[in-house]
Structure formats: structure tokens, C-alpha cells
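Here are my notes on the model, point by point. Have a look at the coordinates alongside them.

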Amino acid sequence: MMDLISNLHLGFSVAITPMNVMYAFIGCFLGTLIGVLPGIGPVATIAMLLPVTYVLPPVSALIMMAGLYYGAQYGGSTTSILVNLPGEPSSVVTCIDGYQMARKGRAGPALTAAAMGSFFAGSVGVLVLAAFATPLTELAFKFGPSEYFSLMVLGLIGAVLLATGSLLKAIAMILLGLLLGVVGTDINSGVERFSLNIAELADGIGFVVIAMGIFGYGEIIGNLGQSKDKREVFTSKVHGLFPTKKDFKDMTPAVLRGTVVGCMLGILPGGGALLAAFAAYAIEKKVAMRTDEVPFGQGNIRGVASPESANNAGAQTSFIPLLTLGIPTNAVMALMVGAMTIHNIQPGPQVITNNPELFWGLIVSMWIGNLMLVILNLPLIAIWIKMLTVPYHFLYPAIVLFCAIGVYSTNNNTFDIWMVGIFGFIGYLFIKLGCEPAPLLLGFILGPMMEENLRRALLIADGDWWRAFMMRPLSATLLILVALLLLIVMLPGIKKKRKEALTG
Amino acid sequence: MKIKSQKDFYSGVLFMVVGIGFAWGATRYEIGVGSNMGPGYFPFMLGVLIAALGVIITIKALIIKNEDGDKIGPWAWKPLAYILGANLAFGVLVGGLPSIRLPAAGLIAGIYILTLIASLASHAFKIRQAMILATILAVGSYLAFIVLLKLNISVWPAFITG
């Protein structure tokens with residue numbers, strides 16, 4: 001307990017410098033802005049702004065990126081409520097009741113419920129993160145290559161359980177990502193693999209290039225190819241932000257439930273914000289309804305407060321596996337790994353011991369970021385609503401431009417621009433074929449790490465796979481968990497439920 | 001045999017081709033054995049796994065019923081060409097093409113051309129609006145990337161700056 005306080009104190013001393021508060025603010029502001037704008041998700045946002053953070057010191061860069069992440073998350077819930085368009089998957093369920101509230105002229109209370117629920121849940125999430133960090137890190141130091149490999153398998157499989165569409169395709173996308181991660185010089189033998197004798201490919205494919213190509217260009221082309229969507233913005237109807245007394249009575253227990261669900265599911269590999277929001281909504285529907293309440297699906301405030309709290313709590317606690325074990329559990333975390341490596345920080349348990357200022361500074365700045373979101377969003381709601389009305393044909397050329405400048409500035413090499421074009425095409429191909437790209441990015445980030453751990457694990461076990469992974473209790477447990485997860489998802493009943501939940 | 005799910009069928013085929021391609025490519029490197037993995041070991045394994053998954057996905061797409069056929073639908077060739085074209089043009093203008101001795105035309109020219117070409121992809125294209133947008137983006141990018149972030153990108157054409 002004393003440790004926790006002194007650690008948080010260290011964190012505050014790092015995070016509350018004017019510079020870092022400013023970067024947290026910029027991150028949250030830009031994140032919300034882009035989260036509100038339609039047609040661009042948090043992955044593309046972070047990838048796009050990543051080159052901007054190269055010039056910053058590492059702590060500030062990570063603080064800004066974390067701000068971008070939950071800013072985008074938050075912006076996503078605003079659009080869910082106002083236009084029935086989830087800015088990103090974790091706010092899909094918020095649409096159900098949030099949009100109905102907006103249609104009934106109660107957009108204000110819905111937005112406030114989302115903001116206050118998110119802030120509360122985020123604060124708890126940060127505390128959980130701080131409390132779990134040290135013990136988990138100690139556990140992580142006991143991990144050998146076998147355990148790491150099994151953990152990564154669990155993380156990757158966990159991450160695709162929620163992929164919409166075919167599970168097999170999602171697993172194939174992971175493997176494809178792992179393969180793309182192999183491209184470049186093999187650190188062990190010095191052999192250049194799959195580099196096609198192109199000098200630039202000897203260093204491997206840049207993850208910014210993949211993220212921007214697939215999540216930026218690919219999505220834009222996909223959006224432009226779709227017939228025009230009709231959006232109804234409830235702009236005139238946002239007056240009276242404050243929820244009524246009855247709203248408070250309804251939403252408070254929902255926020256608490258959502259927070260608990262979010263914190264727990266966020267830690268699980270592959271959990272994160274998305275799973276948390278879905279589970280919280282499902283639980284909320286099961287909780288007995290009072291007679292004077294609006295039914296779910298018709299604008300119940302609990303249906304907004306609970307999933308919003310859960311996805312924010314989950315967003316915080318999904319940093320736990322990344323910061324303590326060095327394993328990203330979703331595409332955004334994969335980008336954070338990329339950002340850390342660019343700043344020469346190898347994510348993993350050693351960060352907390354080698355770089356305590358960075359670690360605790362980042363954690364405290366997350367809380368500050370959450371606070372900022374509330375301060376920023378409620379008064380600025382009018383601006384966000386204005387942003388919503390910006391037509392897409394003004395937005396997407398700007399996104400293309402920022403992607404192009406971003407990739408070029410990474411290495412000042414036009415080769416990266418050609419590559420981002422190629423991945424833009426591949427991204428569009430994936431959209432047409434119904435292959436979800438997020439698992440590919442995760443696999444790409446984990447590829448080299450997995451190969452290295454596999455190599456070491458097999459070396460120790462003298463090439464015997466069974467001995468390497470199943471004769472070690474921890475590793476075996478993790479792999480059995482993987483098998484169980486796969487089995488559960490493939491059961492016909494669950495398969496149907498999963499499909500229903502994902503298609504909403 | 002009729003294809004029951006077009007999307008799954010073609011993704012399965014794609015995974016097969018890519019998997020076999022990488023596995024075959026990996027055989028050019030030393031595969032080694034488990035206790036001493038060569039550079040080809042991991043990619044070979046992955047390639048084979050992807051190809052195997054591709055086979056299963058393809059077969060499932062042929063067998064399992066799907067009401068609407070899960071069609072791929074028409075390709076958005078126009079947006080595809082314009083977006084990738086805009087990207088290509090930007091690269092050529094900002095970096096130049098040393099192989100044919102084409103000098104760099106700089107960031108500002110690149111922004112105008114990129115914005116114009118990219119805007120053409122939309123139904124709502126109007127030249128005046130696109131020019132205004134390009135101007136806003138040019139001024140904004142100059143301030144943000146060159147003045148504020150001091151990125152090392154040539155702003156003006158080489159024949160002006162020398």
C-alpha cells in the first residue's frame with residue numbers, strides 16, 4: 001500500500017509537469033476530434049499521429065498516445081449517441097439505448113451519463129492498473145520462453161474470439177500477420193528473409209505503413225465505395241446536459257456494475273474495451289427493471305451508463321498485459337508497442353524497474369486524461385456536434401494527406417509511400433473479402449517475439465514440442481485455456497449467440 | 001459445385017496461395033530442426049498452417065449454406081484508383097524520382113495535387129471546393145509539420161530553392 005502511494009507520487013511528479021499535461025490535453029483533444037469524425041477509427045488515428053510523437057521525449061509521446069486512445073474511445077460514444085454511428089466497435093452497444101435517448105430529446109443526459117460513467121470507471125481502472133502492476137511484473141520475471149510463447153498464443157486467440165465473421169479467417173489473418181513480421185533480416189542468422197532484394201525491406205516492413213495502409217487508405221476506399229449513408233444528427237435537440245435525479249438513481253448502480261465488469265475483462269488477453277462493453281450491456285439487461293423505467297432498446301439510461309463505464313475501465317486495464325508482460329491485447333496496444341520500440345523502450349516487465357518514471361508517469365497521466373475528457377467534452381459538446389456535420393468529402397482527402405506525410409516523415413524515404421499504397425490496396429481487398437484486419441496487426445507486432453521465444457523454448461527442450469510447452473505447468477495451463485476457449489466458441493449454441501451479439 | 005459463400009471462397013483461395021508462396025519461399029532458407037531452428041523454420045511452419053486453414057475455409061465456403069451467397073459485390077475501382085493515385089503522385093512530387101532524374105517538387109505542390117486527385121474519388125467533387133480545401137491543408141500542414149514539428153521535408157520545388 002505504501003509502495004503504491006509512493007509510486008503514484010512519483011507518477012504525479014512526472015505527469016503534472018506543464019509540458020506533459022499539455023501533451024495529455026493535445027492527445028485527448030485530437031483523439032476526441034478524430035473519434036467524433038466519421039470514417040476513421042482509433043487505430044488509424046494513432047498510426048497517423050504517431051510520426052508526430054517521434055520528436056517528443058518518450059514519456060510525453062506515450063502520454064499523448066494514451067490520450068489519443070481514450071479520447072478516440074470517448075469521441076466514439078458521442079457519435080453513437082448523436083448519430084447512431086459507433087466511432088469504433090466498443091461503442092456499438094451504446095448506440096442501442098443512447099441513440100433512442102437522443103431521439104427522445106434526451107441526448108444531453110445520455111452524453112453526461114457516458115462522460116461521468118467513463119470518468120468514474122477510468123479512475124477505478126487506473127487504480128487497478130497501478131495495484132496490479134508490481135505483482136504481475138514480478139510474476140512476469142518468472143516466465144521463461146515457453147510461458148511467453150503460450151501467453152502470446154492465448155493473447156492472439158483471445159483477441160480474435162470477438163472478431164466479426166469467421167473465426168478461421170481471423171486465425172488465418174493472425175498467421176499472415178506473424179508472417180509479415182518475419183520479413184526482413186533474421187536477428188539470429190543474419191539472413192534476409194522475403195526481402196525480394198529490396199534494401200528497404202531488409203529492416204522489415206514498418207508497422208506504421210501497415211496500420212495506415214490497411215486502416216487508413218483501405219477503409220477510406222471501402223467507405224467511398226459504399227452507397228451514401230443517411231445520417232440524422234440530433235443537433236438541435238441537445239439542451240439541458242444534466243440528468244435528472246431519477247437518472248442518477250438509475251445510472252449509479254449501472255456505472256458500478258459496468259466498472260467491475262470492465263476492469264475484469266480488460267485484463268484478460270483479447271478482452272479490452274470491446275468485450276467489456278458487450279458483457280456489461282448483457283448483464284444490465286438481466287438486472288431486474290423497476291416499473292417506472294424505460295425498457296431497454298428504447299432509451300434506458302442504464303444501457304448507456306453501464307457499457308460506457310465498462311469500455312473505459314476495460315480500456316485502462318487492457319494496458320496491464322502490455323505494461324507488465326509486454327504483450328499487446330488489441331490493435332491499439334500493438335501500436336503502443338511500436339511507439340515504445342521507436343523510442344528504444346522494450347515493452348515488458350523490465351520497464352517498471354528500468355524506467356519507473358515512464359511507467360508511473362504514464363499511469364497517472366491516464367487518470368489526468370480521463371479528468372480532461374470530462375472537462376473537455378461536456379462544455380465543448382457544441383463543437384463536437386459541429387464537427388459531426390463536416391461532410392466526408394472534405395475529410396477523407398485530409399486523412400489521405402496526413403497518412404502520406406506521416407509515412408514519408410518516418411524515414412524520409414518515398415519507398416514507404418509506395419508501401420502504404422500497396423497496403424491500402426490489400427486493406428481494401430480484406431474489406432471486400434470480409435477479413436478483419438486487426439488480428440493481422442497484432443500478429444505482425446508479435447511475430448518476431450514469438451519466433452524468438454519459440455526458438456529458445458525448443459532449444460531448451462531439445463526440439464521436443466510436448467516437453468517444451470506441455471511439461472511446464474504454467475505454459476500447459478495457458479495452452480489448455482486456449483483449447484478451451486476455442487472449444488467454447490465452436491460449440492453450436494455459443495456460435496449462434498456470438499453471431500447475434502456481434503451483429504447486434 | 002456452387003460457391004455458397006463468395007467472400008469465404010476467395011479468401012480461402014487467397015490464404016492458400018499466400019501460404020504456399022511463403023512456405024515455398026521459406027525453403028530457400030535453412031529450415032533446420034526444432035532444437036536448432038533455421039531462418040526458414042518459423043515462416044515455413046506459418047506458411048503451411050495458413051495454406052491448411054485456406055483449404056478448410058475454401059471447402060466450408062463450398063459446403064455450408066448461406067442465404068444471400070455472401071457476395072463480394074462490385075469493386076470500387078474509381079475510389080481505389082484515385083486514392084492510390086493521389087498517394088503515388090504525392091510520393092513522386094515530394095521525393096522526386098531519382099531513377100529518371102525527376103527532381104522533387106516539394107510539399108506544397110504535393111498537397112495540392114494529392115487533395116485534387118483524392119477529391120475526384122467522391123461523387124461530390126467540385127473543383128473550387130477542392131482548391132479551397134487544398135489551400136487550407138497546405139497552410140495548416142506547413143504550420144504544423146514544418147514550423148512546429150520541424151520535419152525535414154522540402155517545401156518548395158528544387159528549381160526555386162536550388
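1. A word on ground rules. This is a predicted model, in which local features need pLDDT of at least 70, side-chain atom pairs count only at pLDDT 80 or more, and totals for chains, interfaces and linings use all residues. Residues are numbered from 1 along each chain as its sequence is written, while chains are lettered from A and ligands numbered from 1 in the order in which they are written.

2. On confidence (pLDDT is the predictor's confidence in each residue, from 0 to 100): chain A averages 83, with 91% of the residues at 70 or higher, and chain B averages 88, with 98% of the residues scoring at least 70. Within chain A, the lowest confidence is in helix α22 (residues 492-503), at a mean of 59, and the highest is in α18(A), at 93. Where pLDDT is low, the predicted coordinates should not be read in detail. For the complex, the predictor gives an ipTM of 0.93 and a pTM of 0.84.

3. Back to the shape of chain B. It has six helices and two strands, where helices (H or I, at least four residues) and strands (E, at least two) are DSSP runs, numbered from the N terminus. The order of elements from the N terminus is α-β-β-α-α-α-α-α. Chain B has a radius of gyration of 24 Å, well over the 15 Å that the globule rule gives for 162 residues, so it is more spread out than a compact globule. (The radius is taken over C-alpha atoms; the rule is 2.2 Å times the number of residues to the power 0.38.) Along the principal axes, the C-alpha atoms of chain B fill a box of roughly 60 × 50 × 30 Å.

4. Chain A is another story. It contains 22 helices and two strands. Its radius of gyration is 22 Å, close to the 23 Å from the globule rule for 504 residues, so chain A is as compact as a globular protein of that length. The C-alpha box of chain A is roughly 65 × 55 × 50 Å along the principal axes.

5. Burial next (buried means 20 or more other C-beta atoms within 10 Å of a residue's own, exposed means 12 or fewer, partly exposed is in between, and C-beta atoms are placed from the backbone). Of the 504 residues in chain A, 60% are buried; of the 162 in chain B, 40% are.

6. How do the two chains meet? In chain A, 56 residues are in contact with 56 residues of chain B, contact being C-beta atoms, placed from the backbone, within 7 Å. On the chain A side, α8 (167-182), α9 (207-225), α17 (392-411), α18 (414-433) and α19 (438-460) each supply at least two residues. The largest share, 11 residues, comes from α17(A). By class, that side of chain A has 37 nonpolar, 12 polar and seven charged residues. Here Ala, Val, Leu, Ile, Met, Phe, Trp, Tyr, Cys and Pro count as nonpolar, Asp, Glu, Lys and Arg as charged, and the others, Gly among them, as polar.

7. Gly262(A) is worth a click. It lies in helix α10 (residues 245-267) of chain A and is buried, with 39 other C-beta atoms within 10 Å. Beyond four places in sequence, the residues Gly262(A) touches include Ala121(A), Gly125(A), Ala276(A) and Asn311(A).

8. Lastly, a backbone check. Asn344(A), in the loop between α14 (331-342) and α15 (350-354) of chain A, has a positive phi near 60°. Asn344(A) is exposed, with 7 other C-beta atoms within 10 Å.

Technical notes. Two residues are in contact if their C-beta atoms, placed from the backbone, lie within 7 Å.
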